[in-house]
Amino acid sequence: MPDDSLLHKLRPGALVLALLAAGFLLLPHMYGNQSLLFTLMTFIVLTQGLNLLYGFTGYLPFGYVGFFGCGAYATSLLVLHAHLPVLACVAGGGLAAVLMALVLGPLLRLSGAYFSIASLAASQILYFVVSNTNLADITGGPYGLKIERVFAPDASYLAMLAVLLLTSGLAAYFRSSRFGMELRAMKQDPTSAAMAGIDVVRERLIVWLVSALVAGLAGGVYAWNLSVFYPDAVFTLQISVFAIVFALFGGVGTVIGPIVGAAVLYTLYSAIGISSPQYFQLIYGALIVLLVLFLPGGILSLFTRRGIRVF
Amino acid sequence: MSSEAQALLRLSGVRKHFGGLVVLNDVGFSVAPGEIVGLVGPNGSGKTTAINVISGLFRADAGLVSFAGQDINRLPMFRRAQLGINRSFQVPKVFRDMTVRENIEVAAHCGSKRNTDVDAILDDLDLAALAEKPAGSLTVNQQKLLDLGRALATGPKLLLVDEIGAGLNPAELNGIAALLQNLAARGIALIVVEHLLDFLNRITARVIVLGAGRMLFEGSLDAASRDPEVVAAFFGS
Ligand SMILES: Nc1ncnc2c1ncn2[C@@H]1O[C@H](COP(=O)(O)OP(=O)(O)OP(=O)(O)O)[C@@H](O)[C@H]1O
Ligand SMILES: [Mg+2]
């Protein structure tokens, strides 16, 4: 009986992971543009990673891109100076983002917009430090870093898929575990959650570190895939904005919402946004307005409103 | 026999202020296991603040708060909950988007007790029929009961109940009185804040009267109603 219910709990998560894996393994064969698929995966990871924090704790980090950039730079610097296998360097990128999140942990004492803006400021500070000409010897300053020695589009594609599966697995865990139930409770009423015996501060910090970790790993793999990048490419605020809009569009607090949101909107962006950005921005702006007015719970709320439980 | 020796909760010289407003001033009393103590006083006299200081929402600015012989004034709320202190809220604070059952399940895994009977708690509180409803859809009174249920699910040794009787009809009040007495009979210590003095009189042997943050009286409710200071606090002098 307990095993049965465990299986029942694990099934939706396993299904999502299997579909993602099958999709991103087969798509390059049917549709040639692997680099577009790579970027799509990157955005799904970032959207899902942001959802881990925002969807499950209610903390919206405008500066989420900071962890991505941190992972990209740490990974590249390790490749350049540490002579480790590239995957170990990527792991180091994830770790660097976790360390940065630990340092920024006190931000979690702020709430609402104050937290969002403080995290934005932190990511901007990091960006200015990294791209500063005085640090050009270490970080490459405004010229960025080159690690073309390890350039490997296929291997980095698979690595991003692994990060995507890890991130979605974490979201599935948050969605169906006791830990996830405690997160939902804290989000709704932190005082009552504490009286239910939950260490609210600690659990919130764990989620913050986990969401930093996946962004850092994604940044590391992204840097590996590009192998030559300017600071702007991994610190641009547009990355945060995309992740936030994609997550809200799909529906936060679920597993498939951010995946659907990122897939739909990024596809739309790559179809019309890159060639004629002005139309894209128009559509984008209209979408945000419509979402806020009619679908604050994202497109998945079309189902939940009808009583269909969305995973 | 001295109540000090067997006290579960002990406050002495407790003081709490918000800015210039002193809300608790030299408050001291103790509560023994299985005892029901009433906490009464006019609006704004500091009853809820006393509960907040004991449950850890606030820290006393001065004085001692000890539980089972341990100084707890610096412990965060979740630690106090794990030690066996729990409470309900004057303004209910349920997890609105979770079902009634989930509200209790979240707390049922608190501390080391992992065999809390969620169904028994739902039955005790007459919430079994609503178990699968979202907590936000309950009435205010039902939500207060659910807060109490969540507190019970943590297996408390001390339960702080803040105005659970307000707005209940006599039959419901009887049910609550019986429930609280039942809990005390199991050895749980209770502090019950209530404006309904008849209700308190039925379930408590001892009340503490607060007036503007000071302890005006400690003893039986009957004696309290003859105490000139208490009468003045309630009706103005
Ligand atoms: N967090 C707070 N910040 C500032 N003042 C507060 C705070 N909490 C309570 N007070 C003030 O402390 C005083 C006591 O409030 P408290 O809620 O403890 O009274 P009470 O006895 O529970 O009253 P009631 O019977 O109305 O529930 C009031 O004047 C209240 O305004
Ligand atoms: Mg009160």
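How many residues of chain B are in contact with how many residues of chain A? In this predicted model, 24 residues of chain B are in contact with 15 residues of chain A, contact meaning heavy atoms within 4.5 Å.

## Basis of the model

This is a predicted model, in which local features need pLDDT of at least 70 and side-chain atom pairs count only at pLDDT 80 or more, while totals for chains, interfaces and linings use all residues. Residues are numbered from 1 along each chain as its sequence is written, chains are lettered from A and ligands numbered from 1 in the order in which they are written, and side-chain values use heavy atoms, with hydrogens and water left out.

## The interface of chains A and B

Chain B and chain A bury about 1700 Å² between them, 64% of it on carbon and sulfur atoms; buried area is the accessible area (1.4 Å probe) that two parts lose on being put together, summed over both. On the side of chain B, F78(B), F95(B) and V106(B) lose the most area to chain A, together 32% of what that side buries.

The interface holds 2 salt bridges, each a side-chain nitrogen of Lys or Arg within 4 Å of a carboxyl oxygen of Asp or Glu. E102(B) pairs with R184(A) at 3.3 Å, N to O. Helix 2 (77-83), strand 6 (85-87) and helix 3 (100-108) of chain B each supply at least two residues of the side that touches chain A; helices (H or I, at least four residues) and strands (E, at least two) are DSSP runs, numbered from the N terminus. That side of chain B has 12 nonpolar, 5 polar and 7 charged residues (Ala, Val, Leu, Ile, Met, Phe, Trp, Tyr, Cys and Pro count as nonpolar, Asp, Glu, Lys and Arg as charged, and the others, Gly among them, as polar).

A salt bridge also links D189(A) and K93(B), whose closest N and O atoms are 3.4 Å apart. D189(A) lies in the loop between helix 8 (178-188) and helix 9 (190-195) of chain A, and K93(B) in the loop between strand 6 and helix 3 of chain B, so the pair joins two chains.

## Packing around helix 2 of chain A

The axes of helix 2 (residues 34-57) and helix 10 (residues 200-226) of chain A come within 9 Å and cross at roughly 170°. Axes are lines fitted to C-alpha atoms, for helices over the stretch in contact, and angles run from 0 to 180 degrees between N-to-C directions. Helix 2 and helix 10 of chain A are therefore roughly antiparallel (angles over 145 degrees). Their contact comprises 13 nonpolar, 5 polar and no charged residues.

Helix 2 of chain A packs against helix 12 (residues 237-250) of chain A at about 70°, with axes 8 Å apart. These two helices are therefore roughly perpendicular (65 to 115 degrees).

Technical notes
Angles under 35 degrees count as roughly parallel, over 145 as roughly antiparallel, 65 to 115 as roughly perpendicular and the rest as oblique.
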